[in-house]
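Me: I have a structure to go through and would like to know what lies behind the terms used for it. Please set each value against its definition.

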Amino acid sequence: MKDLMEQFATEYVTDLEGQLDRGHGQRSIQNPVLFLFIGDKSRQALQSVCEINEQKWQNSQGVLYVHAYSEETWEHPQVFGCQLPKLDANRQTMRASMFERFMKDESLIMDVNKFMKQVSIRVAEMGKLFASFQQVNIAVVTRSDDPANILLPELTMLLKSYLQEMFKNVSADLYVLLQEKSGGDGFGFSSALGVQFLEEVDRFQRSDYRYGANLMVTEDGIKLPALHAQAPLFSLTYLLSDKTEHGLFLDGGLSENDELISNLVLLNNKEAETAVDENSEGYNKLQFIRSITVDSGQATFASAGLSKVKRPTHAIALTVLAAVFDRYWERLQQGDSLPKTKAREKLGLTAHDVQRIVSAAFPDHDILAEMNGLMTSGVSYSELSGMNLREAELALFDGNSPSFFEHHYAQLARRNLDSLLEKSSLAQLISQEIIEDERYGLYAAYQLTLETASGANLLDELRTGIKETQRQLEQTKAELDDICQERVDQQELRVGGFFTRDKERVRTFVRHLFAKVYNKKAEILERELVLQVLLGYEQQAKQLHKRIGEQVAQLEELQKQLRAIAQKSVKEAADYLGKNMDEYYESVVTETIRSQESQRGQGFYLDNRYIGSGALLFTHGISGLLERLCAFCRTEILTRSPFSLSFEAELLARANVAAAYDNRTVLTREDLFQDLSLVLEERAAVHVEVFHFLQKHRYEEKYWFADLQNDFVQYVLRETEGTRTYKQGCIHEAGKSGIEKMNLMGGFGLEDLMYYRNNKKYHSSYMDNGYVFHRQGKEELS
């Protein structure tokens, strides 16, 4: 059942979000971007970032990805694998030997040069997909604990050198992933590697950093220098951890940085803003760099955090499903109840109806006349005269007459009755006349068959009939007993005169005996058959009530399950997105159904073309009903205009939902916007923990990715006007069906970083124990 509900919601989410975002909300980057992922540990990030960009960037097909790997890369048309030396099995020299083997293997360096040249040409060929072709940006992504990142300067400089042959301006940004949450395996070694790399990055990012090495090699082995003169190697270096600045681990771990990287690359390479708002400041990369740079020339770093909300479509679907079922169940329960006497008439259970059924079961009465042909025992009439009727019958027929009656009349009547009852059971009657009748329905049948019910108790009426029939049966049996006790010589018989033969007198008595006794026995049989019918109906009614009761219980349980799963989905959507959900969609569903009822008739959804009446449960069970309910919601409810609103419009509609004055659970529009703003800010905490929350050079900027014209964005832009100490703006995306908030923070140094402070001891201890993490040789000048 839950799987069916979840499938319904998931399909609705997929369909609706495709409709809402079709032609809207897709971003474009202004200039070419080349991603460089370094090391095997960045493979998962490579795949995720590429897929996110494909989904969100309009010109993503022009973005290329280089993966410098040792063991395995990811196959994709836009991904180019650059093979590095295999990692050394010796952990003590693993990182240093990677650099040494790379620099000494001239054939490898030549292959890498050919590769970088081909990639740079391929980037240039993609120029037509971008608004500007004067600049290219390299986005370098690596894990701090990946040994391959020892080659970061070489790989970056080679790419830069070849791209500078194609573009006027080449910039590079670095995205370092820091994994702080560890399961315990290799945490010390991993931490030591991370600290070593951060110290190298700290050196790369100083204002006096310079690099020179003969890295460029032609096909003839001619070497050329790759030079970098006194400046930070990267324009911006982002440190992105699996922990926030509040010291809390991210639920998704490092993977939560993948979308953040995509947004940061977009922000640094996006087209100029055309939408202008006096409260929205545009992002300027150079200004941000200047704002986080310190005069001492020391390296400074940046970080970021991302929070986002979309229309809570999954929660909406399940809330609507629950609300529609509530209306359906209420309608079933509102079916007219039948007075018991009217119910018996409608179901054909009156005394007259039962008598008619029993009468139809009786064989031809002429069969009783055939008893007159039974052979007598030769007893004389004078001998019979002193007997009572029972004694006389036994003397005449020696028990054959009761046997004849039983086999040729009573048993035939019972078989006929069984056949008649099989053709039309009480369950069929109630299903046809009550459950399938939209005026009454399943719940009316449930009430009708209750053990105790006010004014509509079929069982009580049947039991009254049973008692009356039992009384009549006992009375008729007593009458038969009295008849059998009568003496033969007291019977009023026309037996002729003195000269009438004895046989004629006996025959006359036999006809009188059979008429008087067996007509009464036929009457008793009739009472017994009526009682059989009523008792059968009573048992059927009890069994039917049990069956209907089970289905009523299933309906009640389904209602609870639908409400519970809807509430769970609302909570999972986040507290701020679940506000006013029930109140709003209860009213929307009610109004939508009311509008349709005005066109199609009240309770139209009970028709088998839609959800169907309660009779559906008898054939398809509760799962069949749920399938029809889901189909009805998809085609008749969720296709209506109130359910195709964008995130902002839907949020505003719920914010303005009408509610009773004393209903304090319903928020005002202002309250809802304020709650949403606060939670988005909290969840956009930057993904790095620094030692001083308000460190000396802390600088912040905050950006919304949304439609600039929607009411919520206008609210948050005005909210802090004149009081905020940070730069704030909106990246306008027309028609976007969601909102993203990205916080930028920079200006902190390596010593401010808690990751570095906490793990420096591991680095020192490993170095003291003979581990070599740094590069050997003089190829790098710094």
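Me: Why is Ser764 called partly exposed?

Reply: This is a predicted model, in which local features need pLDDT of at least 70, side-chain atom pairs count only at pLDDT 80 or more, and totals for chains, interfaces and linings use all residues. Residues are numbered from 1 along each chain as its sequence is written, and side-chain values use heavy atoms, with hydrogens and water left out. Buried means under 20% relative accessible area, exposed means over 50%, and partly exposed is in between (1.4 Å probe, protein chains only). Ser764 has a relative accessible area of 34%, so it is partly exposed. Ser764 is found in helix 25 (residues 754–768), and helices here are DSSP runs of H or I with at least four residues, strands being runs of E with at least two, numbered from the N terminus. Ser764 and Gln196 are 568 residues apart in sequence, yet 9.7 Å apart in space, C-alpha to C-alpha.

Me: What makes Gln230 exposed?

Reply: Its relative accessible area is 54%, so Gln230 counts as exposed. Gln230 is found in the loop between strand 7 (223–228) and strand 8 (236–241). Gln230 also has a positive phi of about 25°, although it is not a glycine.

Me: Is Asp105 buried, exposed or partly exposed, and why?

Reply: Asp105 has 31% relative accessibility, so it counts as partly exposed. Asp105 is found in the loop between helix 3 (94–104) and helix 4 (106–125). Pro85 is 20 residues from Asp105 in sequence and 9.3 Å from it in space, C-alpha to C-alpha.

Me: Why is helix 3 called largely enclosed by the rest of the structure?

Reply: Eight of the 11 residues of helix 3 are buried, so the helix is largely enclosed. Among them are Met94, Phe99, Phe102 and Met103. The buried residues of helix 3 pack against helix 4, helix 5 (152–163), helix 6 (187–204) and strand 6 (211–217).

Me: What makes helix 7 largely enclosed?

Reply: Because 13 of the 14 residues of helix 7 are buried, the helix is largely enclosed by the rest of the structure. Helix 7 (residues 256–269) reaches 21 Å from its first C-alpha to its last, close to the 20 Å expected at 1.5 Å a residue. The expected span of a helix is 1.5 Å times one less than its number of residues.

Me: How do you know where helix 15 bends?

Reply: The bend at a residue is the angle between axes fitted to the seven residues ending there and the seven starting there. For helix 15 the bend is about 35°, at Glu406. Helix 15 (residues 400–423) has 24 residues and reaches 34 Å from its first C-alpha to its last, close to the 34 Å expected. Its buried residues include Phe404, Phe405, Tyr409 and Leu417. The buried residues of helix 15 pack against helix 11 (351–361), helix 12 (366–369), helix 14 (389–397) and helix 19 (502–573).

Me: How many aromatic pairs does the structure hold?

Reply: The structure holds 34 aromatic pairs. Rings of Phe, Tyr and Trp (its six-membered ring) pair if their centres lie within 6.5 Å; planes under 30 degrees apart count as stacked, over 60 as edge-to-face and the rest as tilted.

Me: Why is the pair of Phe397 and Phe514 called stacked?

Reply: The ring centres of Phe397 and Phe514 are 5.2 Å apart and the planes are at 25°, so the pair is stacked. This pair links distant parts of the chain, with Phe397 in helix 14 and Phe514 in helix 19, 117 residues apart. Both Phe397 and Phe514 are buried.

Me: What makes the pair of Phe514 and Tyr518 edge-to-face?

Reply: The rings of Phe514 and Tyr518 have their planes at 75° and their centres 5.6 Å apart, so the pair is edge-to-face. Phe514 and Tyr518 both lie in helix 19, four residues apart, about one turn of the helix.

Me: How do you know that the charged end of Arg91 sits over the ring of Phe189?

Reply: A charge sits over a ring if NZ of Lys or CZ of Arg is within 6 Å of the ring centre and within 35 degrees of the ring normal. The charged end of Arg91 is 4.1 Å from the centre of the Phe189 ring and sits over it. Lys181 lies over the face of Phe249, at 5.7 Å from the ring centre.

Technical notes: Contact = heavy atoms within 4.5 Å.
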